[in-house]
Amino acid sequence: MEKLEKFLEWGGTKKDVACLALGGIALLISIFDLLPLPFDAAWVAIILCGIPIILEAVIGLVTAFDIKADVLVSIALIASVIIGEDFAAGEVAFIMQLGALLEDLTVARARAGIEKLVHLTPRTARVLRDGKEQVLPAEQVQVGDLLRVLPGETVPVDGVITTGQTSINQAVMTGESLPVDKGEGDEVSSGTVNQFGSFDMRATRVGEDSSIQRMIRLVQSADAGKARIVGIADRWATWVVVVALTAAVLTWLITGEVIRAVTILVVFCPCALVLATPTAIMAAIGNATRHGFLVREGDALERLAAVSKITFDKTGTLTYGMPRVVAVHSFLQDVSGQALYAWAAAAEQRSEHPLGKAVVRCFREKGGGEAPPSEGFRMLPGRGVQAMVDGRAILAGNPALLEEEHVAVGKQAASCADRYLEEGCTVIWLAADGALAGLIALSDTLRPDAADTIAQVRRAGVQPVLLTGDHANAAGHIASQLGITEMRAACLPEDKLDYIDASQAQGQQVCMIGDGINDAPALKKAYVGIAMGGVGSDIAVDAADIALVNDEISEVPHLLRLARHMMLVIKCNLTFSMTLNFAAIVLAITGILNPVVGALVHNAGSVFVIINSAFLLTWRKRNGHDHHSADRGCDPDRRPVLSQAGGE
């Protein structure tokens with residue numbers, strides 16, 4: 001049986017297309033008698049298209065006693081050949097193989113995501129032993145080893161910082177858009193990237209226990225645990241086979257005419273049943289493609305029709321994933337907010353930190369022009385920057401930098417900062433000549449269509465949920481702006497996975513929409529995974545069933561409605577084709593239909609299925625909101641609030 005399976009798989013899709021093309025040409029030659037051949041040209045279709053069906057039926061019956069649609073087709077093929085109805089046999093074989101090819105084309109799966117995760121795993125580590133630095137393979141690091149990580153390097157194992165300060169890009173684990181400052185005693189995870197200062201760390205989890213390896217296992221286990229939908233034709237095939245065989249045998253026994261029995265088998269051949277699902281899916285996929293979706297799993301839309309929850313990642317999905325200045329406050333009476341903004345941009349213009357770059361970029365975009373020149377620039381890893389601007393010593397950084405430089409923060413300034421921190425903003429403190437000068441608040445900004453998208457998702461009967469690696473304040477602020485009532489903050493990859501697993505265990509099928517590497521396990525585990533293809537990591541895209549190529553999340557409600565309408569079309573196709581088949585059986589039993597005419601009548605059902613499915617290509621809900629409502633979120637281009645002397 002293994003050799004038979006390998007034989008059937010040989011040549012792949014190209015072989016199947018070639019066989020179908022030759023079989024179709026042969027049927028045309030047969031029906032119109034185009035060439036004088038010593039045999040019926042329909043035999044070419046029988047051999048090229050029919051024999052693989054018979055072999056697959058035999059393999060299924062022998063290995064698992066699996067009665068599928070191909071069992072009935074095989075019986076009809078053999079019976080038609082025995083009574084000399086070669087064209088009917090070739091026609092049925094051709095139609096069935098066409099349906100199988102359409103199904104195969106829609107179920108192509110990519111598995112590159114896990115390989116790319118493996119490539120993220122650090123290969124080497126700088127281990128400090130006996131006062132010497134040795135570069136060793138990462139798998140040789142042991143718990144308790146002392147390691148050194150230089151700027152730009154990937155953290156090789158999980159551990160705790162013993163000396164040094166730095167900023168760590170944790171996007172691979174949490175999806176956070178901004179680096180996180182780390183110092184002595186803070187934990188760091190393998191796979192994250194050290195951005196600035198060098199530091200020493202003590203290894204706590206190594207090898208298979210490290211964070212990046214755990215994520216790889218999460219992706220693998222989530223993929224293995226996702227149930228694949230069994231085709232409707234195969235779910236119905238068992239009783240279809242029983243009914244068809246019973247009717248054929250009884251007709252033969254009662255009438256004594258074997259041709260009537262064979263005609264019953266031919267008209268009951270589930271061609272339309274097999275075509276009903278793949279034709280509708282392919283048409284719906286074509287529709288989804290026009291709206292910016294790349295459907296990577298053939299049954300993804302079928303699954304999407306059954307979801308009751310959509311979980312959104314925040315950064316890069318509902319937001320742009322790019323910090324912007326939303327407010328500038330000066331605490332000095334003689335310095336305006338705009339002047340303070342210029343000082344900050346001048347101090348940060350040589351910074352490599354994403355927050356510093358954001359300050360400079362926003363200053364230029366808002367009409368500030370080029371920042372004033374600065375001198376004596378110094379990067380202070382994990383704290384901020386310092387520089388001389390207009391003869392003043394400017395500090396820009398976090399509270400640790402102010403404390404280190406003995407800059408006092410009054411109650412009014414602290415209260416002003418707390419208001420922004422509660423909204424999930426990041427605050428840069430500014431000092432001039434040793435005195436507190438003001439602050440700049442930065443925030444990730446909502447996509448303009450995010451609020452309308454969430455509202456339409458809810459109207460479509462699906463509950464939106466926010467799952468994010470960001471802290472609770474940022475998540476809560478975004479959720480309140482969008483009207484999302486259920487959220488989970490500070491989520492690691494396994495936390496998102498656990499939430500989806502728990503929801504699906506309760507019978508609530510979940511669709512996950514995310515963009516980062518950290519979302520890959522959840523995208524795999526979810527009943528349907530949708531990745532942001534434009535800004536999303538390629539690993540997230542590989543893990544997902546559907547990729548949103550242009551990142552226009554406003555099209556998500558259309559995709560939900562399309563999936564449900566597709567299922568309605570499939571059910572209509574099945575109902576019509578089965579009704580037609582039963583009517584044809586009655587005519588076959590009475591002898592009105594012969595096998596050839598029966599095959600043509602029953603294939604009228606296949607034609608109807610294809611035409612009905614084709615309407616899905618251009619379908620869009622007429623009373624849906626084709627145009628989106630006015631922006632109710634943050635405008636990424638809005639002018640930052642500039643205030644002086646802490647004025648609110």
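**Reading helix packing and a sheet**

Mentor: In this predicted model, T453, Q456 and V457 of helix α18 meet V556, P557, L560 and R561 of helix α23.

Trainee: What kinds of residue make up the contact of α18 with α23?

Mentor: The residues of this contact divide into four nonpolar, two polar and one charged.

Trainee: How do I describe two packed helices?

Mentor: Two packed helices are described by the angle between their axes and the distance between the axes. Take α18, residues 450–459, and α23, residues 556–589. They pack at an angle of about 20°, and their axes are 8 Å apart.

Trainee: Are α18 and α23 roughly parallel or roughly antiparallel?

Mentor: Angles under 35 degrees count as roughly parallel. Therefore α18 and α23 are roughly parallel to each other.

Trainee: Is the crossing of α18 and α23 left-handed or right-handed?

Mentor: α18 passes α23 in a left-handed crossing.

Trainee: At what angle do α10 and α23 cross?

Mentor: Use the angle and the distance between the axes again. Helix α10 spans residues 258–267. The axes of α10 and α23 cross at roughly 170° and come within 9 Å. Angles over 145 degrees count as roughly antiparallel. So α10 and α23 are roughly antiparallel to each other.

Trainee: Which residues meet in the contact of α10 with α23?

Mentor: From α10, look at R260, T263, I264 and V267. In α23 they meet N581, A584, I585, A588 and I589. By class, this contact has six nonpolar, two polar and one charged residues.

Trainee: Now the sheet. What is the order of the strands in the open sheet?

Mentor: First, a general idea: in a regular strand the side chains alternate between the two faces of the sheet. Here, six strands form an open sheet. Their order is β2-β1-β3-β9-β4-β7, with antiparallel pairing.

Trainee: Which are the edge strands?

Mentor: They are β2 (132–137) and β7 (187–188). Each pairs on one side only.

Trainee: How many bridges join β4 to β7?

Mentor: Two bridges join them, and the strands run antiparallel. Strand β4 covers residues 158–163. Find G159: its bridge partner in β7 is V188.

Trainee: Over how many bridges do β4 and β9 pair?

Mentor: Five, in the antiparallel sense. T163 has D200 in β9 as its bridge partner.

Trainee: And over how many bridges do β3 and β9 pair?

Mentor: Four, again in the antiparallel sense. Strand β3 is residues 146–149, and strand β9 is residues 199–205. R148 has D200 in β9 as its bridge partner.

How values were computed. Residues numbered from 1 in each chain as written. Predicted model: local features only at pLDDT ≥ 70, side-chain atom pairs only at ≥ 80, totals over all residues. Heavy atoms only, no water. Axes fitted to C-alpha atoms, helices over the stretch in contact; angles between N-to-C directions. Parallel < 35°, antiparallel > 145°, perpendicular 65-115°, else oblique. Left-handed = near helix turned anticlockwise from the far one by under 90°. Contact = heavy atoms within 4.5 Å. Nonpolar A, V, L, I, M, F, W, Y, C, P; charged D, E, K, R; others polar. Pairing = 2+ DSSP bridges.
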